[in-house]
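The sequence and structure are shown first.

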Amino acid sequence: MTIQTIKAGKPAAAKADLNAQVRATVEGILADIETRGDAAVREYSAKFDKWSPESFRLSAQQIQACIASLPPQTIDDIKFAQAQIRRFAQIQRDSMKDVEVETLPGVVLGHRNIPMNSVGCYIPGGKYPLIASAHMSVLTAKVAGVKRIIACAPPFDGAPCPEIVAAMHMAGADEIYCLGGVQAVAAMAIGTETLPGVDMIVGPGNAYVAEAKRQLFGRVGIDLFAGPTETMVICDDTVDAELVAVDLLGQAEHGPTSPAYCITTSKKIAEQLPAAIDTVLSRLDTAPIASVSWRDYGEIILCDTDEEMLQESERLCSEHVQVMTKDPDWFLQRMTSYGGLFLGHRTNVSYGDKVIGTNHTLPTQGAGRYTGGLWVGKFIKTHTYQRVLTDEASVMVGEYCSRLCGYEHMSGHKEQADIRVRRLKKV
């Protein structure tokens, strides 16, 4: 068995000096917003986005004006995408059941699935107006039953992006703000005079937004620690180099540090892929970004067997994994470490990112080893409860509990059990 790296990329981890600079900048912004509230938010918005309106929150009239500015086809397309995402999210929600069971005579245990009270959804919109992120976060939170949903997106070309605003509103956002960057995440998490804070922050963003979420985690919940997007194509001779190139570059356009991996048993694809990449780049408007990403972080790995391709995919644990082989289900049944899986040549990551119904907020940087992506369950807390119905049951459990507490030398815990045994035990 032989695994050959035909083209290697740089290590995906960000440089330590950049991380330190990002951390320090974000720390300062968060501290300032906590101290000065709305005034600090306004200053950072003016500084970073050249945006300082009378109110960051959009009125009902402003929202309707954004929607009215869009052609009917755009509205229909948003509705179609949201219908798919809502349908799958509802199926996932319906799979989560409250439980109650009598585990011993007179002892009842259960759990309830309770939606969060408030969530802040960040929708990126500086470089690309990511309309789909509104569906993925706001709509999913709505299906989960979250009571208050805030949605924030930065201005695009000096104004609220009509498509994003429409998607936020149609997904069910209760409050919509034209506000971006760390200042938006901080305002939602910390709260200001005009924007009451939330319980959880979700949504992708640049390195500064990701670092803000990291620093705020614990104070509020977050969906994921997100790094640069990653993509992987696992393929054999059932597809061609052009299709592989398109699918790799489709994600590489996100940014110049986005890893893109081709793992293949096809020597032909391994040899033809570099030229195919150049050909596809020649027809992409985003080539200046995608070409750098492929140059620095693209990899071609040639394997002898499916087992070797599986081994490499598990090692790399990519956010997106496309499997285009004669038997994609072989990988579905065996893969354990990835963000989202795209099976067969008829689908691709773009379908998942934009419209097909699965959520596009997925784990990066190896996090697929311990977590999945955003889904309705992320917005729901599963809380347990207990009930003891009879004196006899309380005494029986209490006697066990008393002895176990004694072994741990926890006298206060032991007395909680003992007082019930003394009072309820029939002489």
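At what angle do helix α10 and helix α11 pack, and how far apart are their axes?

## Helices α10 and α11

Helix α10 (residues 267-281) packs against helix α11 (residues 287-297) at about 165 degrees, and the axes are 10 Å apart. Axes here are lines fitted to C-alpha atoms, for helices over the stretch in contact, and angles run from 0 to 180 degrees between N-to-C directions. Helices (H or I, at least four residues) and strands (E, at least two) are DSSP runs, numbered from the N terminus. The pair α10 and α11 is therefore roughly antiparallel. Angles over 145 degrees count as roughly antiparallel, under 35 as roughly parallel, 65 to 115 as roughly perpendicular, and the rest as oblique.

The crossing of α10 and α11 is left-handed; that term applies if the near helix is turned anticlockwise from the far one by less than a right angle, and right-handed applies if clockwise. On the α10 side, Leu 273, Ile 277 and Leu 281 meet Ala 287, Ala 290, Ser 291 and Trp 294 of α11, where contact means heavy atoms within 4.5 Å. By class, this contact of α10 with α11 has six nonpolar residues, one polar and no charged. Ala, Val, Leu, Ile, Met, Phe, Trp, Tyr, Cys and Pro count as nonpolar, Asp, Glu, Lys and Arg as charged, and the others, Gly among them, as polar.

## Basis of the model

This is a predicted model, in which local features need pLDDT of at least 70 and side-chain atom pairs count only at pLDDT 80 or more, while totals for chains, interfaces and linings use all residues. Residues are numbered from 1 along each chain as its sequence is written, and side-chain values use heavy atoms, with hydrogens and water left out.

## Two partners of α6

Helix α4 (residues 72-94) and helix α6 (residues 162-171) have axes that come within 10 Å and cross at roughly 45 degrees. That angle makes α4 oblique to α6. The crossing of α4 with α6 is right-handed. Thr 74, Ile 75, Ile 78, Lys 79, Gln 82 and Arg 86 of α4 meet Glu 163, Ala 166, Ala 167, Met 170 and Ala 171 of α6. The residues of this contact of α4 with α6 are six nonpolar, two polar and three charged.

Helix α5 (residues 131-144) also packs on α6, with axes that come within 8 Å and cross at roughly 15 degrees. The helices α5 and α6 are therefore roughly parallel, and α5 passes α6 in a right-handed crossing. The α5 residues Ile 131, Ala 134, His 135, Val 138, Leu 139 and Lys 142 meet Glu 163, Ile 164, Ala 167, Met 168 and Ala 171 in α6. This contact of α5 with α6 divides into eight nonpolar, one polar and two charged residues.

## Domains and annotated sites

The domain assignment, which is automatic or from a database, gives domain 1 (18-98 + 114-223), domain 2 (228-373) and domain 3 (390-424). The C-alpha centres of domain 2 and domain 3 are 57 Å apart.

An unreviewed UniProt entry lists Thr 229, Gln 251, His 254, His 320, Asp 353, Glu 408 and His 413 under "binding site". These residues span 185 residues in sequence, and the farthest two C-alpha atoms are 54.9 Å apart, so they do not all gather at one spot. Gln 251 is in helix α9 (residues 241-252), and His 320 is in strand β12 (residues 320-324). UniProt positions are given in the numbering used here, feature names are shortened, and annotations may be inferred rather than shown by experiment.
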